[in-house]
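Subject: Structure handover

Hello,

Here is the structure we talked about. Please open it and keep it in view while you read the notes below.

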Amino acid sequence: MEKWKFGINNDELVKLVLMGKKTATSYLYDENDLPVIGEESIICFDDGSSACVVKTLDFKIIRFKDMTCDFSKMEGEGDLSLEYWKKVHYKYFKDLNNDFNEDSLIVFEMFEVINVI
């Protein structure tokens, strides 16, 4: 089973997942690395210890500029607003890929916790 961490503020985001506030994540689109609906994976803390097993429920491939308020709320971060989500994620994605822009594709993945470890 794949193990992974969030790209930034990992331990804080893991806590949001464990509290049930974060039920989705987003990342840069890569046609060779798309989620599989129904697949289970393990989210880890910064120290590498396992936090929980999650199952992918669904995913959408969207342009950054097409992110919605409903989707941003599912990410569970900050004040849950679309404005907050865009500000934080634009900077993060731009740091990862200097060519990133409002028209760039991202993957928005929805998941559920199936087991806390």
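Asp58 and Lys60 form a salt bridge, with their closest N and O atoms 3.2 Å apart. Please keep in mind that this is a predicted model. Asp58 has a relative accessible area of 25%, so it is partly exposed. Lys60, at 36%, also counts as partly exposed. In general, side chains of opposite charge can pair when their charged atoms come close.

The search of the whole structure finds 7 salt bridges. Here are some others.

Glu77 and Lys22 meet through their side chains in a salt bridge of 2.8 Å, N to O. Glu77 sits in the loop between helix H2 (69–75) and helix H3 (82–96), and Lys22 in the loop between helix H1 (10–18) and E2, so the pair ties together parts that are 55 residues apart in sequence. Are these two residues buried or exposed? Glu77 has 11% relative accessibility and counts as buried. Lys22 has 1% and counts as buried too. The cut-off behind this is that buried means under 20% relative accessible area.

Asp95 and Lys91 form a salt bridge at 3.0 Å, N to O. They are 4 residues apart in helix H3, which means about one helical turn separates them. Both Asp95 and Lys91 are exposed.

Next, the strands. Which strands pair with E3? Strand E1 (residues 3–4) pairs with E3 in the parallel sense, over 2 bridges, and Lys3 stands opposite Ile42 in E3. Strand E4 (residues 50–63) pairs with E3 in the antiparallel sense, over 5 bridges. In that pairing, Glu40 has Lys55 in E4 as its bridge partner. E3 and E4 form a hairpin with 5 residues between them, and Gly48 in the turn has a positive phi of about 90 degrees. Why is E3 described as largely enclosed by the rest of the structure? The reason is that 4 of its 5 residues are buried.

Last, the surface. A patch of negative charge gathers Glu2, Asp30, Glu31, Asp33, Glu39 and Glu40. One of these, Asp30, lies in the loop between strand E2 (24–28) and strand E3 (40–44). Asp30 has 34% relative accessibility, so it counts as partly exposed.

Regards

Note on methods. Residues are numbered from 1 along each chain as its sequence is written. This is a predicted model: local features need pLDDT of at least 70, side-chain atom pairs count only at pLDDT 80 or more; totals for chains, interfaces and linings use all residues. Side-chain values use heavy atoms; hydrogens and water are left out. Patches are made of residues with over 30% relative accessible area and no salt bridge: like charges are joined within 9 Å, nonpolar side chains (Val, Leu, Ile, Met, Phe, Trp, Tyr) within 5 Å. Accessible areas come from the Shrake-Rupley method with a 1.4 Å probe; for residues, only the protein chains shown count as cover. A salt bridge is a side-chain nitrogen of Lys or Arg within 4 Å of a carboxyl oxygen of Asp or Glu. Lys and Arg count as positive and Asp and Glu as negative; His and the chain ends are not counted. The place of a charge is taken as NZ of Lys, CZ of Arg, CG of Asp or CD of Glu. Buried means under 20% relative accessible area, exposed over 50%, partly exposed in between (1.4 Å probe, protein chains only). Two strands pair if DSSP finds at least two bridges between them.
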